[in-house]
Each structure stands twice: as C-alpha cells, then as structure tokens.
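Reader: Could you walk me through this one, step by step? I'm new to reading structures.

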Amino acid sequence: MAEVTLTIDGKQVTVPVGTTVLEAARQAGIFIPTLCHDPDLTPWGGCRLCVVEIEGMRNLPASCVTTATSGMVVHTASPAVVEARKTIIELLLANHPMDCLTCGKNGDCRLQDYAYMYGVRQAGFAGERHSYPIEDDNPFIVRDLNKCILCGKCVRACAEIQGKNVVDFAYRGFNTRVTPAMDSTLAGSDCVFCGNCVAVCPVGALQEKGLRSSARTWEVKKVRTTCPYCGTGCTFDLNVKDGRVVGVTSCDGEVNGRALCVKGRFGYGFIHHPDRLTRPLIKRNGIFEEATWEEAIGLVAERLGAIKKEYGSGALGVLSSARCTNEENYLMSKFARAVLGTNNIDHCARL
Amino acid sequence: MTNPIGDIGGADFILAIGTNTTESHPIIGLQVKKAVRNGATLVVVDPRRTEVAGLAHYHLRLKSGTDIALLNGLANVIISEDLVNKEFVDTRTEGFEALKETVARYTPEYVEQITGISADIIREVARGYATAKNATILYTMGLTQHVCGTHNVFAVANLAMLCGHIGKPHSGVNPLRGQNNVQGACDMGALPNVLTGYQSVTLEEVRSKFAEAWGVGELPATPGLTVGEMLEAAARGEIKGMYIMGENPVLSDPDADHVIHALEKLDFLVVQDIFLTETARLADVVLPAASFAEKDGTFTNTERRVQRVRKAIEPVGEAKPDWQIICLVATAMGYPMQYGSPAEIMEEIARLTPSYGGISYQRLENGSLVWPCPAPDHPGTPILHAGKFARGLGKFHPVEYVPPAEQPDEEYPLILNTGRRHFHYHTGTMTLRTGALEEYYGREHLEINPADARALGIADGERVRVVSRRGQVEVTARVVDTVPPGVVFTSFHFPDVAINRLTNPARDPVARIPELKVCAVRVEKIA
C-alpha cells in the first residue's frame, strides 16, 4: 500500500495514503481533542475542536477531515491552535447548562474534560441560552437538548450503525436541534431504543435513564461479560455499584463493537427484581414453604434416588438450559448420565 | 453458522428465510442493513412484512410452510439455466443427479401454484443467488419449526452447494440461533443422543471414554427422549421424576395444556430457576439459581464463538450458581462432584471434547475462540467447510414438499404464526421484569389482516378470542397488513396470552422440532 510521510509536532510519521491528519497523529501517540469525530462513523468536521496548524495552509483546518499528504508539517498545539480550541470551548459553554454538580455524565464528559484541559473556567460570551424541556417520556433514554453540542454523532450512529435514521438536525442557526421527524419525542418515533446514540454522545445530552440516575460515573465497577439474551453473543460491561448491577454500557465487543440492542442495554433490571427466588422452596400440602439448602437438596436426592430405585433410570428426565453456561450444561449432562443413568436429557433448542 | 456474523455485512446477496432478523437478532440485523447500504441484494422469505422485509429488494411472501417448494424451485432454475457452480459440484459434492431429478418437477410455474410467488420472481432470485460473487443464506425458526424442518434445512444446503456459496468468506449457510447459549447447550451434550461435541451415545468407544473420565462403570447406550417425548412419557406415567433447570416448557412448548397435565402427573418435579416461572409453580422443590451476572462461565454464540461470562455481583439472597447446585445434588445422591471453579470444569470439557480441546479460560482472557479449536495452539475455525466438508464430500439430500400438518378448514379458517417481539425475549421471564422493557411494551396483541378483520367484524383494539383444536386465549386485535390475509400472528412472551396453548405439537420426524409456525385457528370477537 502506498504511504505518505509527514511531520507532526516535529515527529516523522508514515501512514497509508488516505489517512487523515487526526488518525496519523493518533497513530503517532499525539493527542488531538475531538467531539464530533468517531472512528466508526463518517467524518464530520463539525465541532472544529480538532483544528491544527499546517504549514502553508490558510486558516486552521480540522484534522479529522484533512487528508495527510507527503511532506506536510503539522503543529497540533501551537498558540494559534490552543487559542482556537479555547474559543470553541467558550462558545460551547456559552450555551451549556453548567450543572456538572448534578449531571449524570459528570466525570465521563468530553466537554468537561476539554474545559479542564484548556483551563476554560467559564463561558467568555454572554448571550441567549436554550431552555428546552427535558425529554424523559420513555423508560430507557433521557434527552436533554440543553446540553447538546450539535456534534451530530447520534444522527450518524442512528443512520450508519443502527440504520434507522430516527433523528436528524432540524431548524436553523441558534435554534438548530437534533430531533425525530415532526419534532416528536423518541417515544413518538420509530426509535427502537438500542441506545447506540447514547453510547456515542460525548456530553450529557443523551443519558441512560436508569444508570445515570443511580450512580456517579466514578462509583461504578465495570465487569465485562456476555449478553444473556439472544444467540448473537454481544459483549458489554455490567456497571456495578455497592454489589448491585446499575446499568450496562458498551465496550468494544468482538461481535458487536459498541452496538447493543434495547434488551442488552436496558434489559438488566430482572437481576435485582423483587420476584427473584432467594431461598429454596418445598411444596407442602400444595403450598410453597421456604427451606434450607440442606433440606431441599436432601429431598431432591432422596426422591430422585427413590424413583431410580423403584422404576429405573428410564423413569427420570432432565431438562438442561440454553440460558445456562457451557460448564453448567456439561455438568447437567454428566449428572443425567453418570448419576441418574439416563440419556433422557434435552433442552429447548427446538423452541 | 458456517460463517462469522461480521461476514454478513460483506455479502453481495443475502437470502433471509424465516428470520425476523432486526427484531429477533438486532445486532445481526445491523450487518444485514450494512450489506444493503453497501449495495447487496436482499431477499426476504416470510409471510409477514417484517422490518427486514421492508428493506428487501425481493420480499417473497410465500404461503406458510411452502419453503421446500420455493427452494426446490430456485434449484430448478439454477440447474435448468445452467447456473450451477460445476467445479464445486464436481469436486466437493455427491448426489447431484438425484437432486437434479427431484427438482426437475419444481418448475417456477409449478412452484408458483404452491407458494403464491410468481414464476418470474423465482427466476430472478435464483439467478441473483447463483451469479452473486458471495451469497449468504440466513435462517431461523421460521424455516425450522415445521414438520419438515429438517428437510427445509436440507433444501437450503442443496442450494448453497449447487452454487458453491459455502466454505468461503461472506457466504455460507447461517442459522441464527435464538438463545444466548443454545449452541453451547447442544455442544455440551444436553441432548438425548450425544455427549459433548456431538459424540454419539451409541458408540462404545465414546461411552467408555466418558465412563472412565467420570468414574462410573458404564453409561446408558440408547438415545434418550427429547423434550416433547419426555412430556408425552410423563403424561403416560412412564417418566416419574424430572429435574428442570432454567427452562419454562409450560409457556415455551406447544400444546401448553398438555404440558401442564404431563408435569402435574409426575411423582416428583424439581425446578431450578431465577424466578418462580409458570413451570416452577408446578414443582415439588424449587431451587434458587444465580443469574448470569452472579457467576463465571462461558456461552457459545450462534457463530460457535466461546466467550466468557464474568461474575459481577454476589448471588442474590441464598441463590447459588447452577453448577454448584448440580454438584450438591450429585454429591447428595452418592456421586461426589466437586469443582473449585468453572475454569476447572472447562478443563474437563476440553479433555473430553475434540472441538473444544484447545479452549481454556486462560486463552479466553485474550479473546474469544471459535470451535472447532482442537488444540491449545489452534486459532479456532471461524469458517466451516473451507476446502472440505466435515463429512468429506457434501451430500445433496433431495427433498419433496410436504404441506403443514394442520391446514385451515371451515371450523379453523386461519393460520396462526408465532414468534418474537423486539422488546421481549422467550417466555418473558426476564424481560417482563426489567422495569423498562415491559413499561414500554407491556401488552400483547394479535396481528390480523384488515380483510380478515372486516369479515369477522373486528376493529383495531378490540378484544378477541383465538381458538385452536387444543386451546384458546384472549388478546387484543391489531388490524395491520403486515400479516397476509388468512394469517394471524402473535408472540409467546406473555403469560396472559399463552399462545402455546393453541400451537400444534406435530413434530419433524428427524429433529423432533414442533410445528410452531403453522396451526389452524379461528378468531372470534368477544361480545
């Protein structure tokens, strides 16, 4: 493959033809801040935070949409670049609710990160601010358009990952906002609540309703695991706080990347549902009574053993489970064959 | 699947049969959408106009249960128009002449009479599939839950072999499996005829290998009973005791009233689950199990990809992981069974199972492995049948069309089709208890075509009674043309619309899969 060599912050970088300056810098370990860029989505060049100085070029081009060429000399942190980035952050903060104290994304917000990084303490521009009602008429996603920075990642995720095109930009200028058709809510649209827009939102405009209202971002421990629903085998992170699963977030899954469906992302509530069985039950006179494990296991062993003894192994049957792990299915097969002595074992593979 | 999920996005032609992909497998649906965006031709075969059918270039709305006729018709065109991949058929397959003879009768015009799909469309689709660079076939239960389910799959395989669309990237025969670990449960020998890795119980050397490893004298040599057969045997009083782990046959199996009758007849029933399911309510003893979040283990997905499940929290209450419970019961029955961790169990599985031979928790920490993975240094096998089929030559199995076991008649004039909804899963045990999914989609409905609704005087939103020869349910009608005239559809997720009270337990003679996609019903307005 043809390659080009350019200089970024004094460092020689060689990349394949067609690589953007942003990608080239990242490959070389040089940091450039971005808000609207996402490696899985088409380049946008909208937020301008990734501007760099390139010798011989007029103005400051956005590195995410500028193709690296041979001999290019790039400065990613020159005074002009830093000044431009500060101004962009100030402009964004000029119309941003400064409510980080209570925001569910506090600690996981790119705008916050960059304001900190560039020392922007407050908006340098006083002016009109939005006052949109917060949309929370569905059980999955909260949309707070007051916090939206119009990076368009959700628009592209919906179109390019989910293929639904539920949201897009509407209105003009200061009034521009991201909305489903006819300015309805997500609940009033074709939205399937995959939450893939939430996963790419760099700020607090799109938040998981359950997760962000039950834990601060730094309070959760993330445990990588495999989804318990369909056979696709998506990987995600269970978010755990104080011994409870409080949410699910995307990681870079081998099968699914960051994409999840509504069940995977928002269907975890059953784990702590009050209906969960917490103690063994033994039915006496038609009514379930709580029992100890010793009693319950003893009774199971005694009754299965008695049937085996009286009627033979063929009078016993086992249903294993497509919901349980491989190890558990293996042990159930071993139990049926080696302990009960029967091949009467099956599960719901046909259903 | 013969190929990875990620391959689908790069296919040039997708033939999706009986799969509501974007609802039942949303993330696989994304790959289908990606392929379509990249210019692939999508053909969806389904009586219903699902979301994925709406994306299709060709939506073949065939009459329910006529898949073999359609697939044979496609093969007929491919052979008669000389579109066969001759090199593949000559070098990789056997039995072509027999197939040719069988499908000769299935001319597009004849198939049109059976399926309702026009002969011209059959020709176009056949040409598209045969001439595509890479064509993939996706299917799910819409193809398999028929009395001819096994033959339906043979007909699919015949098509792939005719055109050589197998054993290479972006192609293959790809069943999309519906449950997180249904592939793994099969791999682990939770089936009546095989031990792990599909090693047959009828083979002496297999049994003696396992008997030795498990420290028992001998293992049972005759294949056992399938779910349906076990329940029938229970109803006859031949099965006296059952141990059910994490399954809810009262809602998931056909002819539910008969299932309940069978389970009630048992002398002893123990159910191990995370909730007191409809099945658990019938038990003598209920053992509380840990959920996926509370234990370590592995799941094997529809691609044969073995992936880690990791414990995030302690089991709720006194619940225990299923593997520990099984060990306790076995030990109490006089067979000491003890493991320090699921990793140890996997070591034993790997020793006894050639296709899992190279799989260990240590390796899985660095990423998943796709079986067959016979050795610790084997990278896994994402694409099956490359260069050679597992059995050597790929065998064409000629199959004939047979109609569904139950046909509509005067008393039961409509066909009931069942399946899944996007927001729910299987018998709703989990998804009706999330605080979110059931809030958004909390009540089930029956989809009925406007023509049928008009004839029955049913308006959208009215309560109706759906009745089959086996049972009935009441449900709210939704009048939509996503179902064709003569067909009604609902899901099996909701206990208050226990639709499997109606479904037909007629089964495929080979795989013993019930015909859940077709049964005859009538719909009555509730006065």
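Reader: Let's start simple: how much of chain B is buried?

Author: A residue is buried if 20 or more other C-beta atoms lie within 10 Å of its own, exposed if 12 or fewer, and partly exposed in between, with C-beta atoms placed from the backbone. Keep in mind that this is a predicted model, where local features need pLDDT of at least 70, side-chain atom pairs count only at pLDDT 80 or more, and totals for chains, interfaces and linings use all residues. Residues are numbered from 1 along each chain as its sequence is written, while chains are lettered from A and ligands numbered from 1 in the order in which they are written. Of the 527 residues in chain B, the buried share is 60%.

Reader: How many helices and strands does chain B have?

Author: Both are DSSP runs numbered from the N terminus: helices are H or I with at least four residues, strands are E with at least two. Counted that way, chain B has 20 helices and 23 strands.

Reader: And what is the radius of gyration of chain B?

Author: This is taken over C-alpha atoms, and the globule rule to hold it against is 2.2 Å times the number of residues to the power 0.38. For 527 residues the rule gives 24 Å and chain B comes close to that, so it is as compact as a globular protein of that length. The value for chain B is 24 Å.

Reader: What does B:A16 touch, leaving aside its neighbours within four places in sequence?

Author: Two residues are in contact if their C-beta atoms, placed from the backbone, lie within 7 Å. By that test, the partners of B:A16 are B:T21, B:V32, B:L42, B:V43, B:V44, B:V45, B:V52 and B:L138.

Reader: Which residues of chain B does UniProt list for "domain: Molybdopterin dinucleotide-binding"?

Author: UniProt positions are given in the numbering used here, feature names are shortened, and annotations may be inferred rather than shown by experiment. The entry is unreviewed. Over this stretch the chain is 10% helix and 35% strand, with its end C-alpha atoms 6 Å apart. The record lists residues 414-520.

Reader: Is helix α4 of chain A largely enclosed or open, and which element of chain B do its buried residues pack against?

Author: Seven of the nine residues of α4(A) (residues 153-161) are buried, so the helix is largely enclosed by the rest of the structure. Among them are A:C154, A:V155 and A:I161. They pack against β6 (167-170), β7 (177-180), α5 (196-200) and β8 (206-208) of chain A, and in chain B against α2 (26-37).

Reader: How far apart are the centres of domain 1 and domain 4 of chain A?

Author: Domain bounds come from an automatic or database domain assignment. In chain A, domain 1 is 3-77 and domain 4 is 312-351. Their C-alpha centres are separated by 58 Å.
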